[in-house]
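Trainee: I'm new here. Could you walk me through what is shown?
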Amino acid sequence: MPKTFLKCGLAASVLAMTAAAGWGQESNDPIKLTLHDWTGQLITTNLMGEVLKQAGYNVEYVQADYLAQFAGLESGDLHVAMEMWETTGRDAMDASTATGKTEVFGPTGMKAKEEWWYPTYMKEKCPGLPNWEALKDEACAEAFSTAETAPKGRYLGGPVTWGGFDDERVEALDLPFEVIHAGTDAALFAELESAYQRQAPIMLWIYAPHWAPAKYEGEWVEFPEYTAECYNDPAWGMNPDMAYDCGKPFGEIWKVGWAGVKDKWPGAYEAIKAFTIDNAEMGAMITEVDLNGQTVEQVTAGWMAANEGRWKAWIGQ
Amino acid sequence: MATRPRITRRFPVWTGWVVALVLFWALWSYGEGLLPWAFDYPKSMRIPAARWISAFTKWLLNEASFGLFTFAEFTRFIAAVLDVPYRFVLSLLSSGFLKGEGSQAVQILPPLSWVAVIGSGALLGRYAGGVRLAALVAGCLIFVLVFGQWQSAMVTLASILVAVPLGVAGGLLLGILAFRHPWFERAIRPVLDLMQTIPVFAYLVPILILFGFGPTAAVVATLIYAMPPMTRITELALRRVPSELTDLGRMVGCTRRQMLWRVMVPASKDPLMVGVNQVIMLSLNMVIIASMIGAGGLGFDVLAALRRLDFGAGLEAGLAIVALAVALDRLSQAFARLRPEPAPVGGIVARHPYLLSGLALILVAGLAGLALPALQRWPAAYELSTGTFWSRVVEWINVNFFDTIEAVKNAVLLNLLVPFKRFLGGLPWAGVVALLAYGGWRLGGWRLGLLVAALAGLIAATGQWEKAAITVYLCGISTVFAMLIGLPVGILSAERDAIWAPVRVIIDTLQTLPSFVYLMPAVMLFRVGDFTAMIAVVAYALVPAVRYTVLGLKSVDPRLVEAGRAMGCTQGQILWRIKLRLALPEILLGLNQTVMFALSMLVITALVGTRDLGQEVYIALTKADPGRGLVAGLAVAFIAIITDRLISASARAARARLGLEAA
């Protein structure tokens, strides 16, 4: 027991010294990073946390709900949230930064892709895909229908909380589809898994980075490309009377956190701002964890070993 | 026949109902063109309650002050007080005693090893209930251990060990106060209804701001949710203490305090233990939501597993919650039954054999754990897992039986659920409010009628009518199904102990297994929608229907049953004429609780995509809009209160008719 004591004590003091040496006088309180319940976010947060530990910071991971966490970030109970998706968290983020108690630490470099998606085997029944105009064909829509929606096709949208304007899109593009909202993304993927096992028809909202596009073979529907005017200006696009006659936007994934981080841990603040990673790297890591059974820690350690130059630059070494 | 006395009243009771229903029907069928406002509440007259509540919460969080300190500082202080026992238990069970914070913390003392925890649990079991209980507790904990859930389970256990005693003590005290002071009872009843029925998501954001982010906020939320049944049962139990006992107490000269603690509380031990059971179960039920706001533990594992559709891992973590529940519940029940024995004479060893052997065990296990790490922490190589087994079971059912399941589901959906939903959705709000008022007046006087009408009117006035109708449809149908299943099962279980034992395990499992665990496979087989939501609600709301029926039937005075038998009643007559009638108060409490449980599942059903008030609350949470969430949450609570009051009133009326109670 005394031996372990000694070791731990030594390690701690070494860490403390490096911190002191590297960044001058910074707080030794733990920086609290929030963990949510999807793998990509766990990896991003773990990467950031491990990098900060390497720089000598005291780091603590705290489990918190994706949206409820803003209460904690504003009060300073929590400090950093590594993934706030433009597509799903924008409203909450804007509301929070407007209070002045939180700030955006810049983009993570990852881009959220969200769109209507179908498994490849559906192309046989609907040969015009991925072009969205194929969906206007009644036979094609019927291939996607169920007893409740027939003769219209059934499109399983994301939870209403994600927004996404799918009801408006269906109306604006005059698609013979009915939008059903799943309550959570777990329900969304449970339906996909179910349909995929039976090779049954399904059209649903899929987002990336996620393990689903890696596990299931399929593709995104190609809608007219998104522009800001499309959402704001009814005149834009093929339907002159309605907005939303285009696809969904690509969105940044932001880092946000408590506004006090800048003053309390200036070095860590710079490191968090510098953190970037791209979709391909993240997709590969998520697949390793969710489909190949590695732990998040193993995957982060692997990335750290392979990209030493990159993360050292974030912490100014 | 001619001698039969004529009814003196000019109109029989039902004429009023017929007139009311005919008027309602006329409004419903022909009123839409004439009185459009009776169908759609005019937007211009809506009460902006959401805005008011938002402003109020803002004021409460930022400005409210008691002079010396602000309201937020006060709640932070409570959080700090709660944090002390929590940290201690958590250190003991999971993290070890630490010096410093975060990743730089240094462990001074390791946590209790699994050997020590399982051993202590078994010793407690042996002490309170003998070898069988010891084996049960050890078995539950070993299950958690070998399935690799130990670390998370100890985090969960820590928060439960803090929340449950607080919930029981608080509930007991409130119940006693309600029993003693009728005004307090009247005041607290709506509060209890609100606590139990406002979905947790609705007040999550304010709680997080007030109590800080982390396990203590989760404990507070758990307390709010888990305490009401304890209070209700305490009050009911004290009221039912036979007057012979209180008379005896008075005769031997008990003081008020002695009368309460020495006579009445011990005499109502059995129903009180049902309350304790409910607090434990509801606390464990909150594990999932608690994990969303920083409590971690098993709830987090369940959520994470289901997000990657790993049904096996989700089920294992879920069953670990059940194992904890069973162990805690059986232990607490045994402790309650424990009769004080005369203290054995002798030295300290003879007087405290269990305490000392427990301490010795912890010490030895701790030292052994330092020498042999496998005794401190179960090695990962020996962990069991069902792996992909459950996913493959679901896949097999899905591939082979989906079409049959779909056909059954569509039949129920298209013939029962959808028509009922359309029917409720099309009713004019003004007519429903009037009808409810009439019903309330007939059943319980003008006060009840006014209350019911006011609450229903408020739902419409805050613009929640349409969503409320969907809520009533989903919960109503689920309650009917739950009662249809629960009552017969409860009656059978009360009659035969051989059935009660397994039924008890099943309902404990249903109540504590997070519905997420079976909800996602259900989504795979039944798709997203109302049917899946209904399955989840029925599975959960079934529990009180069974439990209270059994409680009521079992607490029927055996002398009355004997008397019935002596008078030559058949078994059926004893059941229908004696037992069920005497058990009516409990069965109705069960119905009341079934409705409450069904309503409390709204949050979960929102997760499979229903469009009811639960979804509204969920949207409000994601938009961090406390006003919107609380307005929808209050609408849920109003529905609950209306149902509760009408059920109680009709029960009173029925009993008065049967001569059980003065009208």
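Mentor: Two strands pair if DSSP finds at least two bridges between them, and strands (E, at least two residues) and helices (H or I, at least four) are DSSP runs numbered from the N terminus. This is a predicted model, where local features need pLDDT of at least 70, side-chain atom pairs count only at pLDDT 80 or more, and totals for chains, interfaces and linings use all residues. Residues are numbered from 1 along each chain as its sequence is written, while chains are lettered from A and ligands numbered from 1 in the order written.

Trainee: Which residue in β9(A) is the bridge partner of A:Val80?

Mentor: Strand β3 (residues 80-85) of chain A runs antiparallel to β9(A), with 4 bridges joining them. A:Val80 has its partner in β9(A), and that partner is A:Gly257.

Trainee: How many residues of strand β9 of chain A are buried?

Mentor: A residue is buried if 20 or more other C-beta atoms, placed from the backbone, lie within 10 Å of its own, exposed if 12 or fewer, and partly exposed in between. Strand β9 spans residues 251-258 and is mostly covered; of its 8 residues, the buried ones number 7.

Trainee: How many residues does chain A give to the contact with chain B?

Mentor: Two residues are in contact if their C-beta atoms, placed from the backbone, lie within 7 Å. Chain B gives 47 residues, and chain A gives 49.
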